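Biologist: I should like to learn how to read a protein model, one feature at a time. May we begin with a single residue and its surroundings?

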Amino acid sequence: MEKKQIISKHGSSPLAGKVCLVTGATAGIGKITATALAAQGATLVIHGRNRQKTEATVDEIRTKSGNDQVSCLLADFSDLDQVRDMAKTFQERFENLHLLLNNAGAFFNKRIPTPYGVELTFLVNHLAPFLLTNLLLDPLKDSAPSRVINVSSEAHRQDQMDFENLDFKKGYFGIKAYARSKLANILFTYELARRLDGTGVVCNAVHPGHIATDIWKTNFGLIGPELKRIMGLFSLTPEEGAENSIYLASSPKVEGISGKYFDKTEPTLSSDVSYDDEVSRALWDLSAELTSLTGNQIE
Ligand SMILES: NC(=O)c1ccc[n+]([C@@H]2O[C@H](COP(=O)([O-])OP(=O)(O)OC[C@H]3O[C@@H](n4cnc5c(N)ncnc54)[C@H](OP(=O)(O)O)[C@@H]3O)[C@@H](O)[C@H]2O)c1
C-alpha cells in the first residue's frame with residue numbers, strides 16, 4: 001500500500017502535517033485531545049477497539065476540526081496480538097510518527113485474569129502501551145524531534161510495584177490495581193526517557209486531573225452512571241482534563257524536555273518509588289518478557 005503523503009493547510013501550527021497517534025480516542029479525554037490536535041493541523045490517527053464507535057469518532061473529529069487527515073486503527077488492548085497488528089498496520093500506512101499519546105486506560109472493579117500472567121488493568125493500562133511504544137520506536141526515531149506522552153494519574157501514589165503479586169491473586173482492590181498500573185506508566189516513562197537519551201525522542205507522563213468520564217461508569221455496574229454523575233459535581237470537565245495532554249503534545253515550551261511527570265504545565269514530583277531505577281529496570285525487563293518483546297529492545 002502507498003504510504004500517506006502529509007499535506008496540511010495549518011502551516012503555522014507546530015503540529016501542521018505532523019503524524020500523531022492517540023490511543024483511546026473514542027471517548028473522554030482522548031477524544032477531546034485528538035480533536036484539538038486535528039484542529040491544529042495534525043495528520044491524526046486515532047485508536048479504538050470498536051470499529052463502529054471508532055469510525056464514527058473519525059467522522060466527528062473531521063467535522064469538528066475541519067481536518068480530513070484523520071484515520072483510525074483498531075486494537076483491543078486486552079489482546080497483545082491485536083496491539084502487534086496495530087503497530088504493523090501503522091507502519092504500512094505511515095513512515096513517520098511525531099507524537100504517540102498513550103491515553104487509553106481502564107478501571108475494573110473486579111479482578112479479571114488474563115493469559116499474560118497479569119490481571120486486566122495492568123495489561124490494558126501498562127503492558128499494551130509498553131508493547132505498542134516499543135514496536136513504534138523506529139518511526140518515532142526517524143521523525144525526531146518526536147514525543148511520547150503517557151497518561152498516568154495522581155492515583156499512582158496509592159500503590160507500590162509488587163512484582164510478586166502482579167496478578168493480584170491476593171487482595172484485589174480496583175483502586176489499588178489501577179494505582180499500580182498508573183505507577184507503571186511513570187516508571188516506564190522514566191526508563192524509556194533514559195533509554196532514548198540522545199535520539200531526539202522525548203517521553204513524559206501527565207496527570208489530567210480528576211474528571212467525570214466513562215472510566216468511572218463502565219465497570220461499576222448499576223451504580224456506575226450515578227458515580228459518574230456525582231463525580232461530575234466536583235471534578236474537572238473533560239475539556240479541562242485534555243489541556244495537559246494538548247500542551248505536552250503541541251507546546252514548543254516543552255521541546256527537549258524528557259523524563260518528567262507533568263501536572264498542568266509544570267513538571268512535578270511523582271512518588272518516591274517512581275524514581276527507583278532498579279524498580280524501573282525490573283519493570284522494563286518483566287514487561288519485555290510478558291509481551292515477548294524481542295529484537296526491538298533498546299538498552
Ligand atoms: N478520568 C479521570 O479522572 C482520570 C484521572 C487520571 C488519569 N486518567 C487517565 O486518562 C486516560 C483516559 O481516561 P478517560 O477518563 O478519558 O476514560 P474513558 O472516557 O473511559 O476513555 C478511555 C479510552 O480508553 C479506551 N479503552 C478502554 N479499554 C480499552 C481496551 N481494552 N482496549 C482499547 N482501548 C480501550 C476506551 O475505548 P472505548 O471508547 O471503546 O471504551 C476509551 O477510548 C486513562 O489512561 C486514565 O487512566 C483519567
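Modeller: Ser 146 touches Leu 97, His 98, Leu 140, Gly 200, Val 201 and Val 202, when residues up to four places away in sequence are not counted. Ser 146 belongs to strand 5, which covers residues 146–151. Please keep in mind that this is a predicted model.

Biologist: Is Ser 146 buried or exposed?

Modeller: A residue counts as buried when its relative accessible area is under 20%. Ser 146 has 1% relative accessibility, and therefore counts as buried.

Biologist: Which backbone oxygen lies 2.7 Å from a polar atom of the side chain of Ser 146?

Modeller: That oxygen belongs to Leu 140, which is also among the residues that Ser 146 touches.

Biologist: What kind of peptide bond joins Ala 144 and Pro 145?

Modeller: The angle to read here is omega. The bond between Ala 144 and Pro 145 is cis, with omega at about 5 degrees. Pro 145 is placed in the loop between helix 5 (137–142) and strand 5.

Biologist: Let us turn to the chain as a whole. How many helices and strands are there?

Modeller: The protein chain has nine helices and eight strands. Of its 299 residues, 54% count as buried. Among contacts between residues at least 6 apart in sequence, 76% join residues at least 24 apart.

Biologist: How does one check the length of a helix, taking helix 3 as the case?

Modeller: One compares an expected span with the distance between the end C-alpha atoms. Helix 3 comprises 14 residues, 80–93, and at 1.5 Å a residue it should span 20 Å; its end C-alpha atoms are 20 Å apart, so the two values agree.

Biologist: Which residues of helix 3 are buried?

Modeller: They are Leu 80, Val 83, Met 86, Ala 87 and Phe 90. Because these residues cover an arc of only 105 degrees around the axis, they lie on the same side of helix 3. The elements that cover them include strand 1 (19–22), strand 2 (43–48), strand 3 (70–74), helix 4 (120–135) and helix 9 (277–290).

Biologist: Where does Phe 77 lie?

Modeller: Phe 77 is in the loop between strand 3 and helix 3. With 5% relative accessibility, Phe 77 counts as buried. Leaving aside neighbours within four places in sequence, its contacts include Val 83 and Met 86, two residues that are also on the list of buried residues of helix 3. Other contacts of Phe 77 include Thr 23, His 47, Ala 104 and Leu 123. Sequence separation and spatial separation should be read together: Phe 77 and Leu 127 are 50 residues apart in sequence, and their C-alpha atoms are 8.6 Å apart in space.

Biologist: What does the side chain of Thr 54 reach?

Modeller: The side chain of Thr 54 reaches the backbone oxygen of Asn 50 at 2.6 Å. Thr 54 lies in helix 2, and its relative accessible area is 0%, so Thr 54 is buried. Leaving aside neighbours within four places in sequence, Thr 54 is in contact with residues including Thr 26, Ile 46, His 47 and Cys 72.

Biologist: Which residue has a positive phi of about 55 degrees although it is not a glycine?

Modeller: It is Phe 168, found in the loop between strand 5 and helix 6. Phe 168 counts as buried because its relative accessibility is 2%. Ser 292 also has a positive phi, near 50 degrees. Ser 292 is in the segment after helix 9 and, at 52% relative accessibility, counts as exposed.

Biologist: What is the volume of the largest pocket?

Modeller: Its volume is about 1000 Å³. The lining consists of 45 residues, and those nearest the centre are Ala 104, Gly 105, Ala 106, Asp 214 and Ile 215. Helix 1 (28–39), strand 2, helix 2 (51–65), helix 4 and helix 6 (174–195) each supply at least two lining residues.

Note on methods. Residues are numbered from 1 along each chain as its sequence is written. This is a predicted model: local features need pLDDT of at least 70, side-chain atom pairs count only at pLDDT 80 or more; totals for chains, interfaces and linings use all residues. Side-chain values use heavy atoms; hydrogens and water are left out. Helices (H or I, at least four residues) and strands (E, at least two) are DSSP runs, numbered from the N terminus. The expected span of a helix is 1.5 Å times one less than its number of residues. Buried means under 20% relative accessible area, exposed over 50%, partly exposed in between (1.4 Å probe, protein chains only). The arc is that of the directions from the helix axis to the C-beta atoms. Contact means heavy atoms within 4.5 Å. On a 1 Å grid over the protein atoms alone, a cavity is a set of points where a 1.4 Å probe fits but cannot get out, and a pocket is an open set with protein on both sides within 12 Å along at least five of seven lines; lining residues have an atom within 4 Å of a point. Grid points are joined across faces, edges and corners, and a volume is the space filled by probe spheres set on the points. A polar contact is a pair of N or O atoms within 3.5 Å; within protein, one must be able to donate a hydrogen and the other to accept it, and residues adjacent in sequence count only if both atoms are side-chain atoms.
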